[in-house]
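Welcome, and please have your viewer ready. We will take this step by step, selecting one piece at a time.

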Amino acid sequence: MAGTTLRIASRRSQLAMVQTHWVRDELAQAHPNLEISIEAMATQGDKILDVALAKIGDKGLFTKELEAQMLVDRADIAVHSLKDLPTNLPEGLMLGCVTEREDPADALVLHERHRGCSLETLPEGSVVGTSSLRRLAQLRHHFPHFQFKDVRGNVITRLEKLDSGDYDCLILAAAGLGRLGLGHRIDALIDPSISLHAVGQGALGIECRQGDSAVLEQIKTLEHTPTARRCLAERAFLRQLEGGCQVPIGVNSRFEGDDLVLTGMVASLDGLRLIRDEARGPQQDPEAIGNSLALLLRSQGAGEILEEIFAAVRPEA
């Protein structure tokens, strides 16, 4: 009977399953009579591990397979790390809920030989592992004396590569490490003055079908309005810049009284050009703030930087 069962589509990576199980448990507590099942699967981004993410093309890299399950009525919702969810969703689907955000900061994870170091005190030539162009561009801007090396795989695989000596440090999302019970591996949180985080980082997004009012009512019990407002502003900023998940666009959002303040950044891949500014406005209209900031950065040359990046990383036909 409609409304008594809920089918969740999820990536099957360890972190994705931890997140999905959390959503399942929270929904079960809110709706004791709801029968909930999980369908886990691999996405394109999970399968292709020998190519840099930006070279694959990022339209739904970690979401497309999950969305297909909803569109053919094999799943009712999909649970995503919100930073992986494109800002333009397939017709018939919507972002139904945003959960309370964990710390969205980027984290420094050091090889044991550098224990006690910071980014500022790591030796010249240190090998920094990251698969994010956003992190790469910002760190190149501030620390041009480092070497940067792509790192793929799930969090556990990346940490194993670090521990085996392939890297001097990794830059990872603090939220993901925390959710996996690996918060003790964090040596430092990177200050926003150095690295603005990804749009939506630290929050979970629950996607559902448009018009499915029963499902929407069920998942709205997990909505965290302050997080949703911050993330809607961030996503509007990204959408207005026509950026995807794999471009050097970073954000930070905060509340000051009744205002929402959004900081945004666009950088060139070499880190030599970095444009950063902020916009503020009533928190009840977060998308207007994101749109305003995107236009402000475009007026300062962000569009030209992004066009160069798209040309450089666009997958070959």
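Start by selecting residues 188-189, which make up strand β9, together with strand β5: the two pair in the antiparallel sense over two bridges. Keep in mind throughout that this is a predicted model.

Select D106, and look for A173, its bridge partner in β8. Then move to L110, which stands opposite C169 in β8.

**Zoom out to the sheet**

Which strands belong to the open sheet, and in what order? Colour them as β7-β6-β8-β5-β9: these five strands form the sheet, and their pairing is mixed. At the edges you will find β7 (147-149) and β9, each with a single partner strand, so one side of each has no neighbour in the sheet. As a reminder of what to display here, strands of a sheet pair through backbone hydrogen bonds, either parallel or antiparallel.

**Back to β5, with side chains on**

Select residues 106-110 and show the side chains. Is β5 enclosed or open to the outside? Five of its five residues are buried, so the strand is largely enclosed by the rest of the structure. Turn the view to check each face of β5. On one side sit D106, L108 and L110, on the other A107 and V109, and all of these are buried, leaving both faces covered.

**The whole chain**

Finally, select everything. In cartoon view, the protein chain shows 11 helices and 13 strands. Its radius of gyration is 19 Å, close to the 20 Å that the globule rule gives for 317 residues, so the chain is as compact as a globular protein of that length. If you draw a box along the principal axes, the C-alpha atoms fill roughly 65 × 45 × 45 Å.

Switch to a surface next. The protein chain exposes about 14000 Å², with carbon and sulfur atoms supplying 48% of that area. Of the 317 residues, 53% count as buried.

For a last stop, colour by charge. You will find 34 positive and 45 negative side chains, and the centres of the two sets lie 3 Å apart.

Conventions. Residues are numbered from 1 along each chain as its sequence is written. This is a predicted model: local features need pLDDT of at least 70, side-chain atom pairs count only at pLDDT 80 or more; totals for chains, interfaces and linings use all residues. Side-chain values use heavy atoms; hydrogens and water are left out. Helices (H or I, at least four residues) and strands (E, at least two) are DSSP runs, numbered from the N terminus. The radius of gyration is taken over C-alpha atoms; the globule rule is 2.2 Å times the number of residues to the power 0.38. Buried means under 20% relative accessible area, exposed over 50%, partly exposed in between (1.4 Å probe, protein chains only). Accessible areas come from the Shrake-Rupley method with a 1.4 Å probe; for residues, only the protein chains shown count as cover. Lys and Arg count as positive and Asp and Glu as negative; His and the chain ends are not counted. The place of a charge is taken as NZ of Lys, CZ of Arg, CG of Asp or CD of Glu. Two strands pair if DSSP finds at least two bridges between them.
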